Each structure stands twice: as structure tokens, then as C-alpha cells.
Amino acid sequence: FSMPSAIHTCLDNGRIEIVREALEAQWRARISEWGEHSGPPLLALECGPGDEPAECGVCFDPLYKCPGVFVGESGLRVCVHFCCLDCAEHVQDESADRVRVWRARRDPRIPQPPGPVCPMCRAPFTTAARLTDPTVDPRSFFRLSCIPGSGEDADEPRLCEKAALGALCAVLPINAVSFAPRLEQELWPKWCAEAAEARCGSSGGELELRDYLTEADFLIPGGMLAWLCDHLLERKVEGQRGDPPRLHDNPGKWFKHFDYDGKEILRKPEVLRGIAKACDVTALANPQTPARRARTVGVQRLREIVDGIWDDERWQEGVSLADFEGPGGLAERLLAAMPGETNASPRPVPESPASRGVTVARALDLARAEDYQVREHDQLRAQERAEKQRQAAMVMPWPHLRAARGRGAGRGGRGGGG
């Protein structure tokens with residue numbers, strides 16, 4: 001089986017835990033990668049700081065914390081807009097309340113109020129739902145990210161670049177304005193090209209480039225799903241383990257924090273990754289460097305620093321804790337080579353009881369349990385709302401309204417006969 005077909009099979013049979021474990025395994029295999037002309041796969045390095053993430057269009061809370069969508073009868077989004085789940089459900093509940101009030105008044109002169117609509121564009125929808133976590137159910141995330149076009153089959157939705165931008169900014173703390181050029185110029189062409197190669201390899205036909213992704217395209221290894229889940233799983237692990245200690249404050253704790261596999265050895269890519277996560281790499285760039293290039297220049301400068309002080313003969317298999325924090329060790333060399341680190345004042349690192357000593361494997365377990373609990377809670381809420389809507393639809397019109405409708409129909413019939 002290919003990865004997409006295996007994921008389809010698991011999702012068809014409700015085995016979301018297998019899909020999650022496969023995505024976690026892929027993330028753990030990629031966390032130490034450091035490309036020749038790029039930094040480690042970290043969101044801050046790829047997309048910049050998340051200090052201005054996308055916001056809910058109603059309450060202006062950060063959208064990625066609890067994104068909601070407006071879903072139509074086809075099971076797809078009805079418009080391009082997102083808002084937080086609380087606001088989306090509030091819009092739906094207000095519409096239901098207006099209908100209940102209308103029924104309670106029993107006044108045939110007042111028309112029935114319309115159903116719920118998007119507060120930004122007034123597009124009618126049937127259900128407010130959470131934008132599914134792609135690490136839990138990639139298929140549901142893909143479908144809720146798509147916006148049906150004219151004449152498009154809802155059974156085979158297509159994800160366009162504009163819809164993908166909105167969905168990515170809804171689940172990740174990234175600035176849509178600064179991220180859009182990178183998506184347009186780098187990521188989207190790359191994902192579309194990889195999808196075309198995968199289709200060509202499986203069918204043996206000609207290479208066909210498209211400007212959209214199908215569900216099968218979305219699920220291919222190394223494509224959009226992998227990029228997105230890598231960053232989401234990174235954030236989930238960070239949330240469980242807490243902020244990393246600063247190298248200047250405690251080299252031993254810094255080493256153990258980034259020893260993800262617990263082998264008490266850090267290879268060069270892991271050291272690079274740790275510094276990139278714990279330090280502001282833009283500070284390594286020349287002050288005259290334009291802001292848009294400071295991150296890239298800083299990453300390259302960081303590579304040069306680590307390459308210059310790394311002892312290839314001594315640390316061929318990686319640096320041990322003793323060699324890292326001992327006198328003349330790698331930590332001491334890094335502090336001497338990193339601008340501003342030696343004179344930096346210690347800062348307290350907040351630590352919750354749950355995050356003290358949490359390994360990466362344990363953090364993944366905790367995050368997985370929380371995500372499944374959210375999914376179960378959402379399913380129960382959806383069932384409750386569906387039952388309320390079903391009961392409201394079963395309520396028959398009041399007698400005098402039926403009578404008024406009947407009299408109106410009778411007058412219309414007599415008038416037409418005369």
C-alpha cells in the first residue's frame with residue numbers, strides 16, 4: 001500500500017490512532033533534518049514570529065486556538081471566512097433562538113426568520129464546526145478546508161491556494177500577510193509539483209501540473225499534510241514540555257531538553273535545532289540586513305558558527321553530556337561564539353508540574369490523549385445540536401396558522417375560478 005491509500009484505509013475503518021502514530025513517526029524522523037540551504041523544520045524559521053496570527057473576525061481572539069468553520073449541506077465550507085468555534089456556534093444558536101421565539105409567538109403575520117448565515121459575507125450555512133486537527137483526521141481537515149466551486153463535485157473537493165492559505169493560518173500561529181508570499185512562491189508550487197509526480201508515477205502517464213490539490217494529493221508523503229503536521233506536532237510537544245531553558249542559564253538542562261531520543265548524545269543537527277529554537281537567530285544577521293532576509297541570513301550564520309567550533313573527529317557520532325557541559329566543552333564554545341549569549345542575564349523559565357521531566361514520547365502521548373478528548377467532546381456536541389434541530393423541525397405549525405394558510409389557499413382558489 002502507498003501512504004495515501006493506507007491512510008484512506010485507516011480512516012475508512014475509523015482507525016485514526018494508526019494515522020496519528022504514522023504522522024508522529026514521520027515527524028520524529030524529520031525533526032533533526034537540516035537542509036543544505038535551509039534551517040531546521042521549525043515554524044518560526046520558516047514563517048517568522050507568530051506575534052500577529054490570524055484572528056477571529058468576530059471577537060478578534062487568535063484563530064489557531066480554536067478555529068471554527070461554517071459548513072453547508074454538502075459537508076464543505078460555504079465561504080472563505082473563519083472565526084473561532086465559540087463565535088461560530090453562537091451565530092448558529094442565535095438563529096435557532098430566533099426560530100424558537102417565532103414559534104412561541106404564534107403570530108401568522110410574522111414570517112419565519114432565515115437560517116444561520118456567515119456574519120462576514122451572509123452566506124447561509126447549516127452547521128458550525130471545528131476545523132478538524134489534521135493530525136487526528138486528515139481527511140476531515142481537507143474537506144473542511146475546501147470551498148466548493150461552481151459545478152464542482154462535493155464528493156471530489158479541490159483545495160485551491162487561497163483556501164489553503166486560510167486553513168493554514170487558522171490552525172497555525174502565522175501571519176497571513178507575511179506567509180502568503182512564501183506559500184505562493186515556494187510551498188504551493190512544491191506541493192503541486194510533488195502531487196503531479198506522484199500521480200505520474202502511479203499511473204505511468206504524462207506529468208500534469210494542476211493549480212489545486214485533491215484529497216489524494218494532500219495525503220502524499222512529504223507534501224502539504226506532512227509539512228502541516230510536522231509543525232503542529234512540534235507545537236503540541238512544546239506545549240507539553242514547556243519552554244526550553246536557555247543555554248546560558250543551564251547547559252545541562254538545555255542538553256537534556258533537546259535530547260529527544262534520550263540517548264544522551266546530541267548530533268550536530270540536534271544542536272543546531274536547539275539553538276534555533278532557544279535563541280533569536282535574526283540577531284545573528286548583520287544589522288544592515290533587510291528585515292525580510294534577517295531570518296535566512298541568521299540561520300546561515302548559525303550554521304557557520306556551529307561548523308566552526310564542532311570537532312568532527314571528537315564528536316563524529318555526536319557530543320555527550322560530559323563533553324557538552326564540561327570545561328572547554330561545546331556549551332562553553334557556543335556561548336563564546338554566540339553574540340549576546342555570554343552577557344545575557346538569566347531569565348526564569350516557567351515550568352508547570354505536568355511539564356517537568358516530560359520526555360518527547362510522553363509529550364506525544366499526552367497531546368494525543370488531549371486531541372482525542374477534544375474530538376469526542378466535539379462529536380457529543382454535534383449530536384446534541386443535531387437532536388435539537390431534529391426536534392425543532394418536528395414541531396407542527398400551530399392550529400390557527402394552519403387554518404389561516406388554508407383560508408388563504410381557499411380564497412386564492414375561488415379568485416382564480418371567478
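This is a predicted model: local features need pLDDT of at least 70, side-chain atom pairs count only at pLDDT 80 or more; totals for chains, interfaces and linings use all residues.

Colleague: Which residue forms an aromatic pair with F218?

Modeller: The structure holds eleven aromatic pairs. In one of them F218 is paired with F142, and the geometry is tilted, with 5.4 Å centre to centre and 35° between the planes. F142 lies in helix α5 and F218 in helix α8 (residues 215-219), so the pair ties together parts that are 76 residues apart in sequence.

Colleague: And F142, is that buried or exposed?

Modeller: F142 is buried, with a relative accessible area of 0%.

Colleague: What about the rest of α5, how many of its residues are buried?

Modeller: Six of the eight residues of helix α5 (residues 138-145) are buried, so this helix is largely enclosed by the rest of the structure. The buried residues are P138, R139, F141, F142, L144 and S145.

Colleague: Which residues make up the aromatic cluster?

Modeller: One aromatic cluster is formed by F179, W188, W191 and W227.

Colleague: Let us move to α2. Which of its residues are buried?

Modeller: In α2 the buried residues are I16, V19, R20, L23, E24, Q26, W27 and R30. Seen down the axis of α2, the buried residues fall within an arc of 160°, so they line one face of the helix.

Colleague: Why would residues a few places apart end up pointing the same way?

Modeller: An α-helix has 3.6 residues a turn, so residues three or four places apart point the same way.

Colleague: How far apart are the end C-alpha atoms of α2?

Modeller: They are 21 Å apart. At 1.5 Å a residue, the 15 residues of α2 (residues 16-30) should span 21 Å, which agrees.

Colleague: R20 and E24 are charged residues on my list. Which network of salt bridges are they in?

Modeller: R20 and E24 belong to a network of salt bridges that also links D133, K236, D365, R368 and D371.

Colleague: How many salt bridges does the structure hold?

Modeller: The structure holds 26 salt bridges. One of them joins the side chains of E186 and R182, at 3.4 Å from N to O. E186 and R182 are four residues apart in helix α7 (residues 176-203), so about one helical turn separates them. E186 is partly exposed, with a relative accessible area of 44%.

Colleague: Which residue does K268 form a salt bridge with?

Modeller: K268 forms a salt bridge with D312, and the closest N and O atoms are 3.9 Å apart. This pair links distant parts of the chain: K268 is in helix α11 (residues 268-278), while D312 is in the loop between α12 (291-309) and β7 (319-320), 44 residues apart. K268 is partly exposed, with a relative accessible area of 22%.

Colleague: And R314, which side chain does it meet in a salt bridge?

Modeller: The side chain of R314 meets that of D323, at 3.2 Å from N to O. R314 counts as partly exposed at 41% relative accessibility, and D323 counts as partly exposed at 24%.

Colleague: Now the strands. What is the order in the open sheet of three strands?

Modeller: The order is β2-β1-β3, with antiparallel pairing. The edge strands are β2 (83-84) and β3 (127-130), each of which pairs on one side only. Strand β1 (residues 67-71) is joined to β3 by four bridges, and V71 has T127 in β3 as its bridge partner.

Colleague: Where is L76 found?

Modeller: L76 is found in the loop between β1 and β2, and at 0% relative accessibility it counts as buried. L76 and R143 are 67 residues apart in sequence, and their C-alpha atoms are 6.0 Å apart in space.

Colleague: One last topic, the cysteines. How many disulfides does the structure hold?

Modeller: The structure holds zero disulfides. C79 is in no disulfide, and the nearest cysteine sulfur, that of C118, is 3.7 Å away. A disulfide requires the sulfur atoms to be within 2.5 Å.

Colleague: And C79 and C200, are they buried or partly exposed?

Modeller: C79 counts as buried at 8% relative accessibility, whereas C200 counts as partly exposed at 22%.

Notes
Residues are numbered from 1 along each chain as its sequence is written. Side-chain values use heavy atoms; hydrogens and water are left out. Helices (H or I, at least four residues) and strands (E, at least two) are DSSP runs, numbered from the N terminus. The expected span of a helix is 1.5 Å times one less than its number of residues. Buried means under 20% relative accessible area, exposed over 50%, partly exposed in between (1.4 Å probe, protein chains only). The arc is that of the directions from the helix axis to the C-beta atoms. A salt bridge is a side-chain nitrogen of Lys or Arg within 4 Å of a carboxyl oxygen of Asp or Glu. Rings of Phe, Tyr and Trp (its six-membered ring) pair if their centres lie within 6.5 Å; planes under 30 degrees apart count as stacked, over 60 as edge-to-face and the rest as tilted. Two strands pair if DSSP finds at least two bridges between them.
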